[in-house]
Amino acid sequence: MATFIVATHNKKKLAELQRILAPMGIDVISPLDIEGGIAEVEENGLTFEENALIKARSACKETGYPAVADDSGLCVDALDGAPGIYSARFAGTGNDEDNNRLLLEKLKGLPKEQRTAHFVSSIACVFPDGREFTVRGECHGYIAEAPSGNGGFGYDPLFISEAGCFGDILAEEKDKISHRGKSMALFKETLKEYI
């Protein structure tokens, strides 16, 4: 069984990636499994792909394991694509509730047809021998006027997809249609060419 490190300190994102990678015969470890941990790097890229590569390259270099990193976020059309790569720190606090509150404030009064948005997930994989690749998945929908459900994380309680609100649907259903589910499907196919 291959061992990969997933370069995230976000426990919910880690669980989601473990759930998707386990059927591929990949043993997933996190920075918490490394004695002394690994350093969090500054995500100073200008795209989701650049930020994912920054994290994966750092984790691979520090641990010697093949590394997988995801950079994802919400792009709202009425906000010219914001919060985008700044999704996790949109409100400046790193708190999901604060981010959701600010998003609702910025969209206040807009009708449904002007609340369109999409989630993006870019996954980077970096190998100790220098090989690397990225894949991207997107899920389109719109932003609700109020949060719903207590599933998922981040902007999930506000995002309405074709299957319903991400805060309401089961994790297995979300995996089938979500941005990360789509990018992981592409990741699985691409990874076969590397291992």
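Guide: A disulfide is a pair of cysteine sulfur atoms within 2.5 Å. Keep that cut-off in mind as we walk through this predicted model.

Visitor: How many disulfides does a search of the whole structure find?
Guide: Let's start with cysteine 139: its closest cysteine sulfur belongs to cysteine 165 and is 11 Å away, too far for a bond. For cysteine 75, the closest cysteine sulfur is that of cysteine 139, at 12 Å, again too far for a bond. Across the whole structure, the number of disulfides found is zero.

Visitor: Is cysteine 139 buried or exposed?
Guide: A residue counts as buried when its relative accessible area is under 20%. Cysteine 139 has a value of 3%, so this residue is buried.

Visitor: Which two strands stand at the edges of the sheet?
Guide: Picture seven strands in an open sheet with mixed pairing, arranged as β2-β1-β3-β4-β5-β6-β7. An edge strand here has a single partner, so one of its sides is left without a neighbour in the sheet. The strands in that position are β2 (26-29) and β7 (164-165).

Visitor: In β6, which residue is the bridge partner of tyrosine 142?
Guide: Strands β5 (residues 132-143) and β6 (residues 159-161) run antiparallel and are joined by two bridges. Tyrosine 142 has as its bridge partner in β6 isoleucine 160.

Visitor: What angle does the direction of helix α1 make with that of β2?
Guide: Helix α1 covers residues 11-21 and packs on the sheet, where it touches β1 (2-6), β2 and β3 (67-76). Compared with the direction of β2, the direction of α1 makes an angle of about 170 degrees.

Visitor: Is lysine 13 buried or exposed?
Guide: This lysine is part of helix α1. Beyond its neighbours within four places in sequence, lysine 13 is in contact with Thr8, Asp70, Ser72, Phe153 and Arg180. At 11% relative accessibility, lysine 13 counts as buried.

Visitor: How far apart in space are lysine 13 and aspartate 70, C-alpha to C-alpha?
Guide: Along the sequence, 57 residues separate lysine 13 from aspartate 70. In space, the C-alpha to C-alpha separation is 8.7 Å.

Visitor: How far does α5 reach from its first C-alpha to its last?
Guide: Helix α5 (residues 179-191) lies across β1, β2, β3, β4 (116-126) and β5, and runs at about 160 degrees to β5. Its buried residues include Arg180, Met184 and Phe187. With 13 residues, α5 has an expected reach of 18 Å at 1.5 Å a residue, and its actual reach is close to that, at 18 Å.

Definitions and conventions. Residues numbered from 1 in each chain as written. Predicted model: local features only at pLDDT ≥ 70, side-chain atom pairs only at ≥ 80, totals over all residues. Heavy atoms only, no water. Pairing = 2+ DSSP bridges. Helix = DSSP H or I, 4+ residues; strand = E, 2+ residues; numbered from the N terminus. Contact = heavy atoms within 4.5 Å. Axes fitted to C-alpha atoms, helices over the stretch in contact; angles between N-to-C directions. Buried < 20%, exposed > 50% of the residue type's maximum accessible area, 1.4 Å probe, protein only. Expected span 1.5 Å × (residues − 1).
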